Amino acid sequence: MSKRDLPDSDANNGAINMPQKKHFRQRAHANPFVDHNLNYPVKPSAFDWSAPELFPILGGSNRVAFVDVGCGYGGLLTTLSPMFPNKLILGMEIRPKVQEYVTQRILALRSQNKDKEPLESGSHQNISVMRMNAMKFLPNFFDKGQIEKLFFLFPDPHFKKKKHKARIITPQLLAEYAYILKSGGIIYTVTDVRDLHEWMVKHLDAHPLFERLSQEDMDADPCVAAACTGTEESIKVERNGGSKFVMCYRKIAATKGSGWAGYAPLFGASEEGEGEADE
């Protein structure tokens, strides 16, 4: 981290100033298949969530409940933090500069609200971020049935058909998401790309451990509104007059004899007509 990236302090009260995005610009997406030199535990119990850069006050006796995969500049984290002060909320971001920005943003918010109790709404002690590749290492951090909510908001659409394997929703990855989600846990998906929305819905519909939330259930869930309006990307879509496609799924308990025929292939006859634009 360069000197210009270090958080500044307010001379009046010692609080850390908010970072400026202009110092943290980076490409919109990163290749999830390359080696990013990431540190990860061999198993969830080997990881210290009370580390200073994560949850130094609350991490010792609490477990992460919400995960924002590809959290970007942290808009959802800061939106959910006062809504769920008793839940630990983690953002995972693969781009180093963006992760640095979110870290400093959280430190600034904690500093500016240091008079509040750790579990008080607005203390921001319940949110953190780590640089991580969620496509590879989720089971290294989370136990079976641990997570209550998983967010996939405005992910990389990977338009080219040969890149579909890099999409964050695939049959293979859904098996991992089902593993770490508790029964009744929710997956939230939001995108401004219709093709990607249809892809995610198709694969989630096909998985035996997920069922769609009704429109009534989504309307009653405050996290849906937060996911649709609380991120920087959602604000940009609104500003540009774009559309948002939303769908949420609940994890259901596994049952024997469900008649499920197995995963549909990502490519092949059943995929004809999808993502044909290679430009």
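This is a predicted model: local features need pLDDT of at least 70, side-chain atom pairs count only at pLDDT 80 or more; totals for chains, interfaces and linings use all residues.

Reader: Noted. In which sense do S6 and S7 pair, parallel or antiparallel?

Author: They pair in the antiparallel sense, over three bridges.

Reader: And how many bridges join S5 to S7?

Author: Six bridges join them, and these two strands also run antiparallel. Within S7, phenylalanine 245 is the bridge partner of threonine 191.

Reader: Why is S7 described as largely enclosed?

Author: Five of its seven residues are buried, so the rest of the structure largely encloses S7.

Reader: What about the pairing of S4 with S5?

Author: S4 and S5 run parallel and are joined by six bridges. Leucine 150 stands opposite isoleucine 187 in S5. Together with H4, the two strands make a right-handed β-α-β unit.

Reader: Over how many bridges do S1 and S4 pair?

Author: Strand S1, residues 64-69, pairs with S4 over four bridges in the parallel sense. There, phenylalanine 66 stands opposite lysine 149 in S4.

Reader: A change of topic: helix H5. Why does its length agree with expectation?

Author: At 1.5 Å a residue, the 13 residues of H5 (residues 194-206) should span 18 Å, and the end C-alpha atoms are 18 Å apart, which agrees.

Reader: Which of its residues are buried?

Author: Leu196, His197, Trp199, Met200, Val201, His203 and Leu204 are buried in H5.

Reader: What covers them?

Author: The cover includes helix H4 (171-180) and the strands S5 (181-191), S6 (210-212) and S7 (245-251).

Reader: Now the core. Which residues touch the most other members of the largest nonpolar core?

Author: Met92, Phe142, Leu150 and Tyr177 do, in a core of 72 residues. Nonpolar side chains tend to be buried together in soluble globular proteins.

Reader: What is phenylalanine 142 in contact with?

Author: Leaving aside neighbours within four places in sequence, phenylalanine 142 is in contact with Pro44, Trp49, Val64, Val67, Leu90, Met92, Ile147, Tyr179 and Ile180.

Reader: Finally, how much of the whole chain counts as buried?

Author: Of its 279 residues, 49% count as buried. The chain has eight helices and seven strands.

Terms used:
Residues are numbered from 1 along each chain as its sequence is written. Side-chain values use heavy atoms; hydrogens and water are left out. The expected span of a helix is 1.5 Å times one less than its number of residues. Buried means under 20% relative accessible area, exposed over 50%, partly exposed in between (1.4 Å probe, protein chains only). Contact means heavy atoms within 4.5 Å. A nonpolar core is a set of buried Ala, Val, Leu, Ile, Met, Phe, Trp, Tyr and Cys residues joined through side-chain atoms within 4.5 Å. Two strands pair if DSSP finds at least two bridges between them. A crossover is right-handed if, with the strands pointing away from the viewer, the path from the first strand over the helix to the second runs clockwise.
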